[in-house]
Structures are given as structure tokens and as C-alpha cells.
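Grab a pencil and work through a few exercises on this structure. Each one sets a task and then walks through a solution.

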Amino acid sequence: MTTTEPTEEVRGRSWLRDHSELGVCALLLALGVLVLTDALTMDVDITQRGPVGPRTVPVVVGAGLLLVAALLAVDVLRGGRGEAEGGEDVDPSQPADWRTVLLLTGVFLGAAVLIEPLGFPVAGALLFWGAAFALGSRRFDRDPLIAAVLSVATYAVFDKLLGVPLPGGPLMGVV
């Protein structure tokens with residue numbers, strides 16, 4: 001009986017599949033380098049800053065990303081594996097629901113386009129209602145009302161209470 005050794009290509013793919021978490025390490029490394037590069041090249045006037053300047057938090061975040069990337073890479077190369085999610089009620093053998101993903105993407109992009117001409121209350125209501133529809137709700141009697149209340153409440157909290165200006169659109173004087 002003859003046994004065949006797996007080819008180098010098959011062994012390479014198998015090693016990459018077994019160490020797929022290294023992709024997350026590469027992403028964290030790239031983000032860390034990007035954040036640090038941006039923070040360290042930031043133009044800061046020395047007279048406008050106190051003991052903690054505008055570079056401090058980005059430098060700490062960038063260094064933290066690099067540290068986590070390195071620690072995760074070491075763990076993966078030593079044989080560590082991520083635990084499978086036990087709390088989710090998801091069947092990984094089923095295909096992705098691309099219809100829902102595309103509907104949600106369309107609703108989000110539509111709200112982003114409509115926020116300037118229609119204002120946040122209207123665009124937000126369309127966003128909330130569209131998201132509920134995309135996720136399966138077919139209650140046409142209550143969903144628009146809930147979406148409108150959520151949108152106006154969100155607008156009021158951000159614009160009036162927190163002082164974050166949001167476009168009001170045609171309802172600027174009403175809300």
C-alpha cells in the first residue's frame with residue numbers, strides 16, 4: 001500500500017486555515033500603525049495644549065492596538081484558538097441572508113443621502129422603519145409610529161439636550 005504525502009500547497013493552505021486568526025493580527029497591526037502615524041504627524045501648536053495634548057489618546061490607542069496584535073499573534077503561533085460562540089443561536093451550515101444585508105445597507109445609505117435635504121427626524125424615521133422592515137417586521141400600523149417617535153426623540157436628545165447639531169430639515173421650526 002502506498003501513501004501519498006500532501007503537496008506543499010495543500011500543507012500551506014492547511015497551515016493558513018489553522019492559523020486564520022493571524023488575519024485579525026494583521027488588521028490590528030495595520031490599524032495600530034495607521035493610528036500612530038496619524039497621531040505622531042498631527043500638527044499641534046505647543047502653546048494650545050495642556051499637560052495632556054490631542055496626541056495622547058491616539059498614541060495610547062495605537063500602542064494598545066500594536067500590543068494586542070503582538071500578543072494575539074504569539075498566542076496563535078503557540079497553538080491558541082478562539083472559542084466558538086456558544087450563546088448564539090446560529091447555524092453556521094446555513095448560507096448568509098444576503099437579502100437582509102442588502103436591504104439594511106440600502107436603508108442605511110438612503111438615510112445618509114436623505115439626512116441633509118429632509119433632516120434627521122424624517123431620515124431617521126425612514127432608517128428605523130426600513131431597518132425594522134428589513135429585519136422582518138410587517139406591522140405597518142405601528143412600525144412607522146414607533147420609528148417617528150424614536151427619530152424625533154433621538155433628534156431632541158442630541159440637538160437640544162446634548163448640543164450636537166443635527167439637520168432639522170423642513171421640520172426645524174416644528175420640533
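**Exercise 1: a salt bridge and its surroundings**

Which residue forms a salt bridge with Asp143, and how far apart are the closest N and O atoms? Then place Asp143 in the fold and describe its cover and its contacts.

Solution. Keep in mind throughout that this is a predicted model.

Step 1. The partner is Arg142, with the closest N and O atoms 3.6 Å apart.

Step 2. Now check the cover. Asp143 has a relative accessibility of 9%, so it counts as buried, the limit being under 20%. Arg142 is at 39%, so it counts as partly exposed.

Step 3. Who touches Asp143? If you skip the neighbours within four places in sequence, the contacts are Trp129, Ala132, Ser137 and Arg138. Trp129 belongs to helix α5.

**Exercise 2: the rest of the salt bridges**

How many salt bridges does the structure hold?

Solution. 

Step 1. Start with the general idea: side chains of opposite charge can pair when their charged atoms come close.

Step 2. The count here is three salt bridges. Besides the one between Asp143 and Arg142, there is a bridge between the side chains of Asp141 and Arg139, at 3.3 Å from N to O. Lys160 and Asp159 also meet through their side chains, again with 3.3 Å from N to O.

Step 3. Sort by accessibility. Asp141 reaches 57% and therefore counts as exposed. Asp159 has 17%, which puts it in the buried class.

**Exercise 3: two helices packed together**

At what angle do α4 and α5 pack, and how far apart are their axes? Name the residues that meet.

Solution. 

Step 1. The angle is about 170°, and the axes lie 8 Å apart.

Step 2. Anything over 145 degrees is classed as roughly antiparallel, so that is the label for α4 and α5.

Step 3. Find the two helices: α4 spans 98–118 and α5 spans 120–134.

Step 4. List the meeting residues. From α4 they include Leu103, Val107, Phe108, Ala111, Leu114 and Ile115. On the α5 side you'll find, among them, Phe120, Val122, Ala123, Leu126, Leu127 and Gly130.

**Exercise 4: a nonpolar patch**

Which residues form a nonpolar patch on the surface?

Solution. 

Step 1. The members are Val113, Leu114, Leu126, Trp129, Phe133 and Phe140, with about 530 Å² of accessible area together.

Step 2. Both α4 and α5 supply at least two residues each. The top contributor is α5, with three residues.

Step 3. Turn to Phe140, in the loop between α5 and α6. Its relative accessibility is 51%, so Phe140 counts as exposed. Trp129, at 32%, is only partly exposed.

Step 4. Apart from neighbours within four places in sequence, Phe140 is in contact with Trp129 and Phe133. The C-alpha atoms of Phe140 and Trp129 are 9.3 Å apart, with 11 residues of sequence separation.

**Exercise 5: pairs across the chain**

How far apart are the C-alpha atoms of Val152 and Pro121?

Solution. 

Step 1. Val152 and Pro121 are separated by 5.2 Å between C-alpha atoms, although 31 residues apart along the chain.

Step 2. Val24 is part of helix α2, residues 22–40. At 43%, Val24 is partly exposed.

Step 3. Zoom out. The chain has six helices and zero strands. Of contacts between residues at least 6 apart in sequence, 58% join residues at least 24 apart.

Step 4. Finish with the surface. Of the 175 residues, 19% count as buried. The accessible surface is about 12,900 Å², and carbon and sulfur atoms account for 68% of that.

How values were computed. Residues numbered from 1 in each chain as written. Predicted model: local features only at pLDDT ≥ 70, side-chain atom pairs only at ≥ 80, totals over all residues. Heavy atoms only, no water. Patch = residues over 30% accessible without salt bridge, like charges linked within 9 Å, V, L, I, M, F, W, Y side chains within 5 Å. Areas by Shrake-Rupley, 256 points an atom, 1.4 Å probe, with all protein chains shown as cover. Salt bridge = Lys/Arg side-chain N within 4 Å of Asp/Glu carboxyl O. Helix = DSSP H or I, 4+ residues; strand = E, 2+ residues; numbered from the N terminus. Buried < 20%, exposed > 50% of the residue type's maximum accessible area, 1.4 Å probe, protein only. Axes fitted to C-alpha atoms, helices over the stretch in contact; angles between N-to-C directions. Parallel < 35°, antiparallel > 145°, perpendicular 65-115°, else oblique. Contact = heavy atoms within 4.5 Å.
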